Amino acid sequence: MPRRLYSCTPSRLNSWLDCRRRYRFTYLDRPQPAKGPAWAHNSVGASVHNALAAWWREPYDRRTPLTAAVLLTNGWITEGFRDAEQSAQWLGRARDYVTGYTGTLDPSDDPVGVERTVATRTRVIAVSGRIDRLDRRGDELVVVDYKTGRRPLTSDDARSSLALAVYAIAASRMMRTPCHAVELHHLPTGEIVEWRHTDESLGRHLRRAEEVATEAATADERYREVMSAAPRPGAASRRSPAVPVTPTRPASPASPGSAATVPAAGEHPGLGQAATEPIAAAGSPGPAASASRSLPGTPYAPATPPAAPPPELDEIFAPNPGPLCSWCDFRRHCPEGRTAAPERRPWDGLAE
């Protein structure tokens, strides 16, 4: 039987290459482990991207630098900053980014797509992604990607980007138009870094994507096998008889044929203080939480919390400790990552 296509995005493939444990946390573990606090530099990037996308959706006569500043201000994301003062400072800096950049654009030169999703497939993968902007230059298409980071960019960044190459291939196939040029537009400096691919270089990127996808797909299948064989949370409690919890107040003896004791108004049988305290001592969230998740009239202990993933998964999805661990959203769940790199504050990624 042919193998099922591996559905992915360039971000998923790059996550596999960067750190397999982070890949598991992001795409496989459910519920997903809790992430750390939001990053301020991500807030800046998302705000700028949203403002530029909205700018192109405005009527032609409103595509001015002032409109870009208004759109950015109205959609400014404040998460991750040290305080309101720092957020306001970066709002001003980001306004300079978008006003300076849109001042260089021709508002009448409508792009082929803004925040456009493109997709393609091979015998191995079904890959899709979203392009910041897709331009038509003459008889060809050009993939444009906005960047707001503090690091200056080089042509190697554009040449080696798996995502940009995949976007070019997918756009070319969907639009039936050649697409070989990819550009990185660095808004803080106003620099545009371009790389022009050949059919051979695009083919190499696509084969690389297939190789990475094959590795990740094999690991995904093994993950499902291991998790399906692992004991399910609460399975033991379902096999053993449930033990009723003693109600708060003793039930009055009922004579044959008489009605059962009726709880007081607002009470549920078995959910009083005396009933929930033994459960809390066994590791449940406490009386209030236990009561809120129990069905009325069901005086039994709540389900046990989800079990930890089997140790075998740490071998399949081994961590890749290094400097990037300082910026990982799942750092709190990775001892190796905490040892490999120092902890960063949410605003440390800003170019102060």
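The structure is a predicted model, in which local features need pLDDT of at least 70 and side-chain atom pairs count only at pLDDT 80 or more, while totals for chains, interfaces and linings use all residues. Residues are numbered from 1 along each chain as its sequence is written, and side-chain values use heavy atoms, with hydrogens and water left out.

**First stop: R24 and D314**

Side chains of opposite charge can pair when their charged atoms come close. Select R24 and D314, whose side chains meet in a salt bridge (a side-chain nitrogen of Lys or Arg within 4 Å of a carboxyl oxygen of Asp or Glu) with an N to O distance of 3.5 Å. This pair links distant parts of the chain, since R24 sits in helix α2 (residues 20-27) and D314 in helix α12 (residues 312-316), 290 residues apart. Helices here are DSSP runs of H or I with at least four residues, strands are runs of E with at least two, and both are numbered from the N terminus. R24 counts as buried at 5% relative accessibility, whereas D314, at 38%, counts as partly exposed; buried means under 20% relative accessible area, exposed over 50%, and partly exposed in between, using a 1.4 Å probe and protein chains only. By the same rule, the count comes to 22 salt bridges.

**Second stop: pairs between strands**

Select E115 and R130, which form a salt bridge with their closest N and O atoms 3.0 Å apart. E115 lies in strand β2 (residues 113-121) and R130 in strand β3 (residues 125-137), so the pair ties together parts that are 15 residues apart in sequence. R130 counts as exposed, at 53% relative accessibility.

Next, select R196 and E140, where the closest N and O atoms of the salt bridge are 2.6 Å apart. Here R196 belongs to strand β6 (residues 191-196) and E140 to strand β4 (residues 140-147), 56 residues apart. R196 is partly exposed at 45% relative accessibility, and E140 is partly exposed at 21%.

**Last stop: helix α3**

Finally, select residues 40-57, which make up helix α3. Its buried residues, among them H49, W55 and W56, pack against α4 (65-74), α5 (84-102), β2, β3 and β4, where contact means heavy atoms within 4.5 Å.

How values were computed:
Expected span 1.5 Å × (residues − 1).
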